[in-house]
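Please look through the structure shown here before reading on.

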Amino acid sequence: MINWNNRPFDIVSLTAAVNELPFVPGRIGRMALFLEEGMATTSAGIENIRGTLTLVEPTPRGGVGQPYAVDKRGGVRLETADLQLDCVVPADEVQGVRAFGTTDTLQTVADVVNGKFAGMFRNLDATMEHLYLGAVKGKVVSGSGAVMWDLFSTFEVSPLADVDFVLGTATTSIEAKCMGIVRGMADRLGGAPLAGVHAFCGDTIYDKLATHANVVKSYEAQQMALALRDSSLAYSSFRYGGITFENYQGSVGGVPFIAADEIRFFPVGVPGLFRTWYAPADWNETVNTVGLPRYAKLKARDDDKGANLWAQSNPLAICTIPAVLRRGFSSN
């Protein structure tokens with residue numbers, strides 16, 4: 001019979017195995033944009049000091065000086081999301097891949113179990129990519145559209161105004177609009193270093209941008225001009241006006257993560273700007289331990305007709321300065 005309680009099937013072994021697998025949730029996962037950290041609690045407290053600079057007015061010598069406005073110190077607390085998938089491996093499912101009465105068929109059974117976990121974690125990985133993109137947009141929503149973390153309201157900041165690129169007009173200065181975006185982000189970052197600006201573009205607006213007369217003209221003397229006209233380079237990227245524009249590829253159920261007619265701008269290279277915290281799973285074995293990105297658990301069913309499988313992740317993915325995030329579109 002199958003010993004579901006064998007060491008390779010315990011929570012430690014399973015969880016270690018799934019966290020050693022290459023974690024490729026999508027484009028943002030591969031960019032390593034988010035700083036990831038485990039925590040032993042189910043919520044994260046985020047403290048910030050909102051400092052402002054003012055010019056000091058001259059005052060009479062020996063008189064009263066200008067009052068100093070102390071930096072406002074505030075903090076918020078956000079709860080992690082509980083993402084879990086449940087699955088059952090019936091005994092009959094592994095009946096045909098093992099020899100009855102043998103003791104050396106555990107690896108074959110493990111392959112069936114690992115195949116189930118691989119499928120479950122593909123769904124969790126896609127969900128993580130969706131959460132990452134929500135943080136890039138400033139509002140993280142679930143697959144059904146329910147708001148999980150509205151970063152603008154949480155941090156009490158107003159988003160920068162959307163930028164209309166007016167790509168249907170050949171004389172539009174795309175470079176000027178790009179410089180305005182970069183400057184606006186730098187201003188809101190204050191003293192934080194800005195290594196660059198990245199933009200995820202939907203299919204329609206990316207095509208319009210890459211083929212705009214002024215963009216193509218700036219590359220006329222370079223090989224890049226050919227690349228901009230090469231349709232085989234869909235889902236590629238190019239740099240213009242100090243911004244890297246990338247045609248984002250990613251969708252679930254036919255619904256793209258980035259709408260076809262929008263651009264999402266965000267800074268890169270800013271320490272601690274994008275963060276992900278992982279809380280521990282809600283199982284007896286993981287209480288008060290430091291959270292891991294992914295968990296896997298297996299337990300024999302009470303009726304001895306197979307095993308129950310659980311795959312779980314408990315993330316909190318945010319942008320710590322959502323005021324720098326910006327959206328672009330084209331009205332024609």
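This is a predicted model: local features need pLDDT of at least 70, side-chain atom pairs count only at pLDDT 80 or more; totals for chains, interfaces and linings use all residues.

In soluble globular proteins, nonpolar side chains tend to be buried together. The largest nonpolar core here has 53 residues, and the members that touch the most other members are I28, F34, F117, F274 and I318. Several elements supply at least two residues each to this core, including the helices α1 (11–20) and α4 and the strands β2 (43–50), β4 (83–90), β14, β15, β16 (306–313) and β17 (315–319). The largest share of this core, 13 residues, comes from α4.

Leaving out residues up to four places away in sequence, F117 touches L14, A296, K297, L309, W310 and A311. Apart from this core there is a second, separate one of 22 residues, among them F165, I174, C178 and Y206.

Is I11 buried or exposed? Its relative accessibility is 13%, and because buried means under 20%, I11 counts as buried. When neighbours within four places in sequence are set aside, I11 is in contact with W283, E285, T286, A296 and K297. For one of these contacts the separation along the chain can be set beside the distance in space: I11 and A296 are 285 residues apart in sequence, while their C-alpha atoms are 6.2 Å apart.

Side chains of opposite charge can pair when their charged atoms come close. How many salt bridges does the structure hold? There are 10 salt bridges, and one of them joins R294 to D125, with the closest N and O atoms 3.5 Å apart. This pair links distant parts of the chain, since R294 lies in the loop between β14 (274–278) and β15 (295–300) and D125 lies in helix α4 (residues 106–137), 169 residues apart. Both R294 and D125 are buried.

A further salt bridge brings together the side chains of R327 and D162, at 3.1 Å from N to O. Here too distant parts of the chain are linked, with R327 in strand β18 (residues 326–329) and D162 in the loop between α5 (151–154) and β7 (163–164), 165 residues apart. R327 counts as partly exposed because its relative accessibility is 22%, and D162 likewise counts as partly exposed, at 41%.

The side chains of R264 and E262 also meet in a salt bridge, at 3.3 Å from N to O, and both of these residues are buried. R264 and E262 belong, together with K137, D162 and R327, to a network linked by salt bridges.

Terms used
Residues are numbered from 1 along each chain as its sequence is written. Side-chain values use heavy atoms; hydrogens and water are left out. A salt bridge is a side-chain nitrogen of Lys or Arg within 4 Å of a carboxyl oxygen of Asp or Glu. Helices (H or I, at least four residues) and strands (E, at least two) are DSSP runs, numbered from the N terminus. Buried means under 20% relative accessible area, exposed over 50%, partly exposed in between (1.4 Å probe, protein chains only). A nonpolar core is a set of buried Ala, Val, Leu, Ile, Met, Phe, Trp, Tyr and Cys residues joined through side-chain atoms within 4.5 Å. Contact means heavy atoms within 4.5 Å.
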